[in-house]
There are 2 protein chains.
Amino acid sequence: MNILILGGDGYLGWPTAMYLSRRGHDVTVVDSFHRRLWDAEIGAESLLPIRSLRERVALWSELGQPRIHMEVGDITDWDFLEAVVRERAPEAIVHYGEHRAAPFSMLSRRHAVITQVNNVVGTLNVLFAMRDHAPDAHLVKLGTMGEYGTPNISIEEGYIEIHHEGRSDVLPYPKQPGSFYHLSKVHDSHNIHFACKVWGLRATDLNQGVVYGVHTEETDMHPGLATRFDYDHVWGTVLNRFCVQAAIDHPLTVYGKGGQTRGFLDIRDTLACIELAVLNPAAPGEFRVFNQFTEQFSVGELAEKVAEAATKLGWDPIIENIANPRVEAEEHFYNAKHTKLLDLGLQPHYLSETLIDGLLETVRAHADRVDRALLLPSHTWTEGWIGPEAKEQQGGEVH
Amino acid sequence: MNILILGGDGYLGWPTAMYLSRRGHDVTVVDSFHRRLWDAEIGAESLLPIRSLRERVALWSELGQPRIHMEVGDITDWDFLEAVVRERAPEAIVHYGEHRAAPFSMLSRRHAVITQVNNVVGTLNVLFAMRDHAPDAHLVKLGTMGEYGTPNISIEEGYIEIHHEGRSDVLPYPKQPGSFYHLSKVHDSHNIHFACKVWGLRATDLNQGVVYGVHTEETDMHPGLATRFDYDHVWGTVLNRFCVQAAIDHPLTVYGKGGQTRGFLDIRDTLACIELAVLNPAAPGEFRVFNQFTEQFSVGELAEKVAEAATKLGWDPIIENIANPRVEAEEHFYNAKHTKLLDLGLQPHYLSETLIDGLLETVRAHADRVDRALLLPSHTWTEGWIGPEAKEQQGGEVH
C-alpha cells in the first residue's frame, strides 16, 4: 500500500516507516525536523545517538531494503503539504506529525500557543489536502489516551451511549485533557470528526497510551537505524525516565503519590497497531476511534517494576516521591476499554521483566550521555517555567 | 465594576459597552477592527450605517454618558493584550473578540485556519493574561449553542451526569459542532475549562443562541450609536436575513427542509444576560456554562413568522426552500435546557409580531443599501467557495 508517514523522523515515525517498508508497503516519510530544533531549545538529546533522517533512509537502502521516499517540509505550510499529497497520492496517511509533549506545552504562553497552532493547523491542512487530492485515502491519526482524563466511569473507545430522560444517543466520549498539548489533540479529534462527516473522509483516531522501549526488529538491524530515546523531563515518558534514573543510580522520581494510572504499550505494539489500522480502513465518512494500549499501570507500580528489575541486575535503586509539577488526580478510578485493536488481531507484548532488563542494559551502555540536570522538572503546570527565563518565554513569535 | 469588553466594535460588543456603561460600570472596549476588514473581503456592509468606534465612543460622551475607554489592537498580539490587562486591571472580561461566522470558516482552507487560529490564540492569550495580571477577574466568554450540534437527547447546560456500568460522573456535555467556526468555540471551551482547573481562574461560558434585532435602549438614543445589522449569506443570521428579503420582495430562502431547530434571543436579552453573568461571577476555579437563549424555533417556523408579519404590513412575501449549502440534519429532535440565566433573574423579550414589525420597518427604510447578490450562498460546506476564486482561497498567509 502507498503510505505517507507524517513525522517520519520521530521516535515512533521512523520505526513505523521501516516496519511498513519491510512488510511491502511503499513508504514516504515527511518531516520538518522541528523536533530536533525543539531539542536544541530545551537542551535535550536522545540517549541513543540517532543519525539524520537522510542518513537513516540511505542506510535502509544500503541494507537491501525497499527505498523509503523522503520529503522535507512543514505540514503547516500548505503549499508544501498540498504538493506532497497530490504527487504521492497516498492510500493511507499515518499522522505522527505533531508536537507531542505535555510538559513543553506548559512551559509558557508561547509554548502553549506553538503547540496548539502547530497541531491544529497541520491537521487542518492534512484534512483539506485529503479533501482536494486524496479523498479516498485513510487517515490514521495519532491521538492520546490523555484526551479522556480520568473520569469516574469506564473510558470507552471514542463514543459512549448515553441514556438521558427517556431518550438515548451514541455521542463522542467527553474529554478532560490535562495539558495544552493534550487539549490540542482533543481539538484535532473534533476537527477530524467533522471533516469525516462533511466531506466523507475516512479516519481512525488512535488514542495511544504511553509508549516504552526502543527495540524493534528493524531498529535492531543496525545501530545506525536507532530511534530516539528521550529521558528528560520534557520529552521523556515515565518508564524510559525511570530506567535512566536506575541506570545512573539516581532516585526514581515519582510525581506526587504515584497513583496516577495510565495505559501503556510496547513500541512494537504501536507498529503492529498502525499496520492493523492501515490494513482495515475506516469506511468513507467514518471517524473511528481505537484506544491503543495493552496494559494499565499506576506510576507507582511502574517505579516498583523498574526497581525490581534493577535490583535483579545487582543495582541499588531508590524510589522517591517528589512534588508533582502537574495538576492531576493522584488517586482515581481508571478503567479504559481497549478491545478494538485486539479484535483486529493485535498480539500484545506485555511488560515483562525481560523487557525492562533489556532496556536497563541498553540505557546503562549509554549512561555517559545522560545529563542529570534534565531529569527533574524545570516547570510546573501552575507556574510554567521556573527561573529567570520565565518572563521572556511568554512573549516572542508564534511560528 | 471595571469591565473589559473584547470585540467592543461588534454587533453585540458595542451595545453591550453602552448598556454596561449606562448602568454605572467602568467600561473599556478593545477591538482590532478585523470584522470591518473581513467585511471588505466579502464585499459586505452593515445594512444600518455604522460609525467608527472612535466616533461612537466620542458621541457617547457628548450625550452626557460616562466615558468609555478604547484600546485598539489585536488580542492575538500578546504584547498588546498583556499591557491592556495589566494596566486596566479588570474585574470582569467580556470576551466577544472572536471570529463569529460559520459560513466564513467554510469558504476555504485559509478561512478555516484563520478562524481557528484567531479564536484559539486570542483566547489562550486572554487566559494567560488573566493568570499573570488579573487572576481574580471573571471571564465571561461568548460561546455558541452550535457547539452542541443536534444530539438525540436533551441538551444540558455544559455538563451531563452519565450513568455507565454501575458508576456515574458529571462530565462535559459531548460536543458535535457543525463548522470550523463552531469547532473553534469548542476548542476554546476546552482550553478555558482547563485553565480554570489548573490556575483557579473563574469563567462563565455563554453558549448563546442566534441573536436577532438591532434596537436597544442605548442604540435608540441616537442614530450615530447604531450597531451593525448583517443580512448577507456570510455574516447575516437567519431572522435578520429573512427580514431583509421580505423588505425587498425577495423570496425568503429557507435552507433545505427548514426543520433545523435552534435557540434564539433578542439582542436586549443578550445584554441583560451579560450583566447577570458579570454581577454573579463564577467561583475561583469554576468553569460555568449557561445556555443563553430564550426560545426555540425551526428555520421554517421563523420564515412563516416573518412572512406573517410582512403580510400584515401589506407586503407580499414568498417562502422558497433552496438547496442547503450546509451539512446538517434538517429534521431532528431538539430540546435544549436554558434555566440558569432565568434563575439569575433574566426577563426575556419573546419574539412577538411587534418586534418583527419594527425590524421590518427599520430594514425597509434602508432597502436601497441592500446588495441582492449577497443574499444567496456563494459556497457550500462540502465544496467551499464556488467559482474561479476557489482555488486561490486555499493558499495564502494565515494572518
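Start by selecting Glu165(A), which counts as exposed because 9 C-beta neighbours lie inside 10 Å. Glu165(A) is not a glycine, yet its phi is positive, about 50°. The residue is found in the loop between S6 and S7 of chain A. Helices (H or I, at least four residues) and strands (E, at least two) are DSSP runs, numbered from the N terminus.

This is a predicted model, in which local features need pLDDT of at least 70, side-chain atom pairs count only at pLDDT 80 or more, and totals for chains, interfaces and linings use all residues. Residues are numbered from 1 along each chain as its sequence is written, while chains are lettered from A and ligands numbered from 1 in the order in which they are written. The mean pLDDT (the predictor's confidence in each residue, from 0 to 100) of chain A is 94, and 96% of its residues reach 70 or more. Both ipTM and pTM are 0.96.

**The sheet**

Next, select the strands S3-S2-S1-S4-S5-S8-S12 of chain A, in that order: they form an open sheet of seven strands with parallel pairing. Strand S3 (69-72) and strand S12 (287-292) are the edge strands, each pairing on one side only. From one strand to the next, the twist averages 20°. Two strands pair if DSSP finds at least two bridges between them; strand S1 (residues 2-6) and strand S2 (residues 26-31) of chain A have five, in the parallel sense. Within this pair, Leu4(A) has Thr28(A) in S2(A) as its bridge partner.

Axes are lines fitted to C-alpha atoms, for helices over the stretch in contact, and angles run from 0 to 180 degrees between N-to-C directions.

Go to Phe33(A), in the loop between S2 and helix H2 (34-42) of chain A. Its phi is near 65°, positive in a residue other than glycine. Phe33(A) counts as partly exposed, because 15 C-beta neighbours lie inside 10 Å.

Select Leu239(A) in helix H8 (residues 238-247) of chain A. With 22 C-beta neighbours inside 10 Å, Leu239(A) counts as buried. Leaving out residues up to four places away in sequence, Leu239(A) touches Tyr212(A), Phe264(A) and Leu302(A); contact requires C-beta atoms, placed from the backbone, within 7 Å.

Leu302(A) is one of the buried residues of H10(A), which also include Val306(A) and Ala307(A). From Leu239(A) to Ala307(A) is 68 residues in sequence and 11 Å in space, C-alpha to C-alpha. Just after H10(A), Gly314(A) has a positive phi of about 90°.

**The interface**

Finally, show both chains. In all, 44 residues of chain A are in contact with 43 residues of chain B. On the chain A side, helix H4 (78-88), helix H6 (109-133), strand S6 (159-164), strand S7 (167-172) and H7 each supply at least two residues. H6(A) gives the most, with ten residues. The copies meet through the same surface, because 98% of the interface residues of chain A are also interface residues in chain B.

Notes. A residue is buried if 20 or more other C-beta atoms lie within 10 Å of its own, exposed if 12 or fewer, and partly exposed in between; C-beta atoms are placed from the backbone. Two residues are in contact if their C-beta atoms, placed from the backbone, lie within 7 Å.
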